[in-house]
Amino acid sequence: MKITFLGHASLLIETENTTILVDPFISGNEKASGKINIQDLNPDYILVTHAHQDHTLDVEEIAKNSGTVVVSNYEIATHYQGKELKTHPMNHGGNWKFNFGNLKYVNAIHTSSFADGTYGGEPGGFVISSEGKHIYIAGDTALTMDMKLIPMTTKLNLAILPIGDNFTMGIDDAVVAADFIDCNAILGYHYDTFGYIEIDHDLAIKKFDEAGKKLHLLEIGASMTI
Ligand code: NI
Ligand code: MN
């Protein structure tokens, strides 16, 4: 699987036969909008972890142009169904076999409301299993004991964790999270987009390194393969 960082919490995940976009927030992110053109994205699926605008801003624009299936919790899926988009509703603990592999919607500790204040269900993360590899996308979350459930069934190859602090866990808690999920390869996200979540990159990498973990921080538009 090829994982491309599109800025903030936006990711593009490509398997052999499927393109999956996660939490598209590009047109409203001045760090990303000059580098990524949302018209170029033609994902088969858009995964949405929760309803906050910094995760959903470009969902409609991208999905309506490409016939994309929006996959999220029941409330978010219902919201987009009402806007005539194709959707697949899930809820916490649920798995579904898609053409790219298995997807599980897992717990996160956060909130989830749309920009107008309407309820966006309870927030979550995803575990994607495809081509024999397993990726955990934590979504916006605090450190939570529920993370310990993931390695009981799944040996992760990569975990994508928020590290920006203030709205989510910060670096120190993310290091503990990496232990909880039993994963040594971490891709950091949800940092540097705006003032509240700016981080010291070198310090973050050092703290993971001291814990025996590798923290990857990708430039916007850069990719890694697992
Ligand atoms: Ni959020
Ligand atoms: Mn967020």
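Let me start with one backbone angle: just after helix H6, Asp182 takes a positive phi of about 55°. Helices here are DSSP runs of H or I with at least four residues, strands are E runs of at least two, and both are numbered from the N terminus.

Ground rules next. This is a predicted model, where local features need pLDDT of at least 70, side-chain atom pairs count only at pLDDT 80 or more, and totals for chains, interfaces and linings use all residues. Residues are numbered from 1 along each chain as its sequence is written, chains are lettered from A and ligands numbered from 1 in the order in which they are written, and side-chain values use heavy atoms, with hydrogens and water left out.

Confidence. pLDDT is the predictor's confidence in each residue, from 0 to 100. The protein chain has a mean of 97, and 100% of its residues reach 70 or more. Helix H3, residues 59–66, is lowest at a mean of 91, while E11 is highest at 99.

Back to H6, residues 171–180. Its buried residues are Ile171, Ala174, Val175, Ala177, Ala178 and Phe180. Buried means under 20% relative accessible area, exposed over 50%, partly exposed in between, with a 1.4 Å probe and protein chains only. Their cover includes helix H5 (150–153), strand E11 (158–162), strand E12 (185–189) and helix H7 (201–210).

Now helix H4, residues 74–81. Ile76, Ala77 and Tyr80 are buried there. They sit on the same side of H4, because they cover an arc of only 100° around the axis. That arc is taken over the directions from the helix axis to the C-beta atoms. H2, H3, strand E5 (69–73) and strand E6 (86–90) are among what covers them. At the N-terminal end, Asn73 is the cap: a side-chain oxygen lies 3.2 Å from the backbone nitrogen of Glu75.

Last, the metals. Which residues are the protein donors of the nickel ion, ligand 1? They are His50 (NE2), His52 (ND1), His110 (NE2) and Asp140 (OD), at 2.2 to 2.3 Å. Donors are N, O and S atoms within 2.8 Å of the metal (3.2 Å for Na, K and Ca); water is not among the atoms, so sites may look incomplete. Asp140 also bridges to the manganese ion, ligand 2, with the two ions 3.2 Å apart. Along the chain, the nickel donors follow the spacing H-x1-H-x57-H-x29-D. His52 lies in the loop between strand E4 (45–47) and helix H2 (53–56), and His110 in the loop between strand E8 (101–107) and strand E9 (124–130), so the pair ties together parts 58 residues apart in sequence. His52 counts as buried at 17% relative accessibility. His110 is partly exposed at 21%.

Conventions:
Contact = heavy atoms within 4.5 Å. Polar contact = N/O pair within 3.5 Å; in protein donor to acceptor, adjacent residues only side chain to side chain.
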